[in-house]
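Give the cut-offs behind each term where the term comes up.

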Amino acid sequence: MDKIDRMRAFALVAKNASFTQAAQRLGRSARLVSKYVADLEDSLGVQLLNRTTRSVSLTEAGATYLAMCEPLLDGFDELEETVRNAQQSLRGVIRISAPTGFGSIRLAPSLAAFAKQHPEVEIDLNLSDRRVSIIDEGLDLAIRIGPLRDSSLRVRQLGPMPLIVCASPDYLRQAGTPSHPGALTQHECVLDGTMGDTAIWRFDINGEDVAVPVKGRFQANAPAAAARLAAAGVAVARCPAYTVASALESGELVELFHEHRVTPFVVAALFPQNRRLTTRVRALIDHLATDDLICNAGA
């Protein structure tokens, strides 16, 4: 029996915490997958998994072995894919996570263009405004906007994302138009938890980074929701440019303090440090880095 098969069976059981799900992924019977794992444990002389009738979990040795065997499996897959793709087109599944609004408005059309160029590539797009774990969720990469907090991931910057402070004409008629960022302390503001520190908005004033404290009755965990609250006339919002581009063009929203725009956030592709990128994932990242929908996300 090939050791790669044993390692792959073990890795899938560990990641899915299930022999049945691993068997389905491999197209094998659960009994055969169980035999693969048992044979691997016998060859190593250690127990890799704790098994009960209801659960499967890693032992300490199993966690160490998983961390080291996954890069080997990725490298083996990349080796096969590289040789195969020398004669064939890209193929296989790419699993991606992205923020809901950006993923729907900007990323999805870019992925569609990539898929047309590579008809044998499958795209599994998971949209969420929470910061999912790339490794725990079994993802190939994540697209993120804003502060990059996870130093265990590799990063490729794709483009800038300006933040726009805006309000509706109705709100400005009722509450007055703030003439300076500091005046926001007297206004109702939407606090968006995805934009870093919710109660501090930063501005570039005469070349100086100035922090302005803000407050408000509305809190949101998605930029699109903050934009809609602003459009409804209840508050001032600070939003990524893509969420308000059409509303600014139609006049539904008015940009404030254009001359004091904050330093833009970055649109970035993140992927695990210890995992070699497959050819198809690397090709997708290259595509995103040159697509105006992504690398000029503030346009």
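## Helix α8 and what covers it

Helix α8 is followed by glycine 251, whose phi is positive, near 90 degrees. Helices here are DSSP runs of H or I with at least four residues, strands are runs of E with at least two, and both are numbered from the N terminus. The model is a predicted one, in which local features need pLDDT of at least 70 and side-chain atom pairs count only at pLDDT 80 or more, whereas totals for chains, interfaces and linings use all residues. Residues are numbered from 1 along each chain as its sequence is written, and side-chain values use heavy atoms, with hydrogens and water left out.

Within α8, the residues Ala241, Tyr242, Thr243, Val244 and Ala247 are buried, where buried means under 20% relative accessible area, exposed means over 50%, and partly exposed lies in between, with a 1.4 Å probe and protein chains only. The cover over these buried residues of α8 includes the helices α5 and α7 (223-231), together with the strands β5 (141-145), β6 (153-161), β7 (163-167) and β12 (237-240).

## Overall picture

The protein has 10 helices and 14 strands, and its C-alpha trace spans about 75 × 45 × 30 Å along the principal axes. Of its 299 residues, 44% count as buried. The protein exposes about 15000 Å², of which carbon and sulfur atoms supply 50%; these areas come from the Shrake-Rupley method with a 1.4 Å probe, and for residues only the protein chains shown count as cover.

Contacts, meaning heavy atoms within 4.5 Å, can also be sorted by separation along the chain. Among the contacts in the protein with a separation of 6 or more, 73% come from residues 24 or more positions apart.

## Nonpolar cores

A nonpolar core is a set of buried Ala, Val, Leu, Ile, Met, Phe, Trp, Tyr and Cys residues joined through side-chain atoms within 4.5 Å. The largest such core has 58 residues, and the members that touch the most others are Phe102, Leu107, Leu141, Ile143, Leu184, Phe203 and Val236. Apart from this core lies another, of 21 residues, among them Ala9, Ala14, Ala23 and Tyr36.

Leaving aside residues up to four places away in sequence, phenylalanine 203 touches Val165, Pro181, Leu184, Glu208, Asp209, Val210, Val212, Phe257, His260 and Val262.

## Aromatic pairs

The structure holds 3 aromatic pairs, counted when the ring centres of Phe, Tyr and Trp (its six-membered ring) lie within 6.5 Å, with planes under 30 degrees apart called stacked, over 60 edge-to-face and the rest tilted. One of them joins phenylalanine 10 and tyrosine 65 edge-to-face, at 5.6 Å centre to centre and 65 degrees between the planes. Because phenylalanine 10 lies in helix α1 (residues 3-16) and tyrosine 65 in helix α4 (residues 60-85), this pair ties together parts that are 55 residues apart in sequence. Both phenylalanine 10 and tyrosine 65 are buried.

Another edge-to-face pair is formed by phenylalanine 102 and tyrosine 242, with 5.2 Å centre to centre and 75 degrees between the planes. Here too distant parts of the chain are linked, phenylalanine 102 being in helix α5 (residues 100-117) and tyrosine 242 in helix α8 (residues 241-250), 140 residues apart. Phenylalanine 102 and tyrosine 242 are both buried.

## Cysteines

The structure holds 0 disulfides, a disulfide being a pair of cysteine sulfur atoms within 2.5 Å. The sulfur of cysteine 239 has its closest cysteine sulfur in cysteine 166, at 4.6 Å, which is too far for a bond. Cysteine 239 is buried at a relative accessible area of 0%, and cysteine 69 is buried at 1%.

## Salt bridges

There are 10 salt bridges in the structure, each a side-chain nitrogen of Lys or Arg within 4 Å of a carboxyl oxygen of Asp or Glu. Arginine 173 forms one with aspartate 170, with the closest N and O atoms 2.2 Å apart; both residues lie in helix α6 (residues 169-175), 3 residues apart, about one turn of the helix. Arginine 173 is exposed, with a relative accessible area of 63%, whereas aspartate 170 counts as partly exposed at 42%.

Arginine 217 and glutamate 188 also meet through their side chains in a salt bridge (3.5 Å, N to O). That pair links distant parts of the chain, with arginine 217 in strand β11 (residues 215-220) and glutamate 188 in strand β8 (residues 188-192), 29 residues apart. Arginine 217 is exposed at 66% relative accessible area, and glutamate 188 is partly exposed at 22%.
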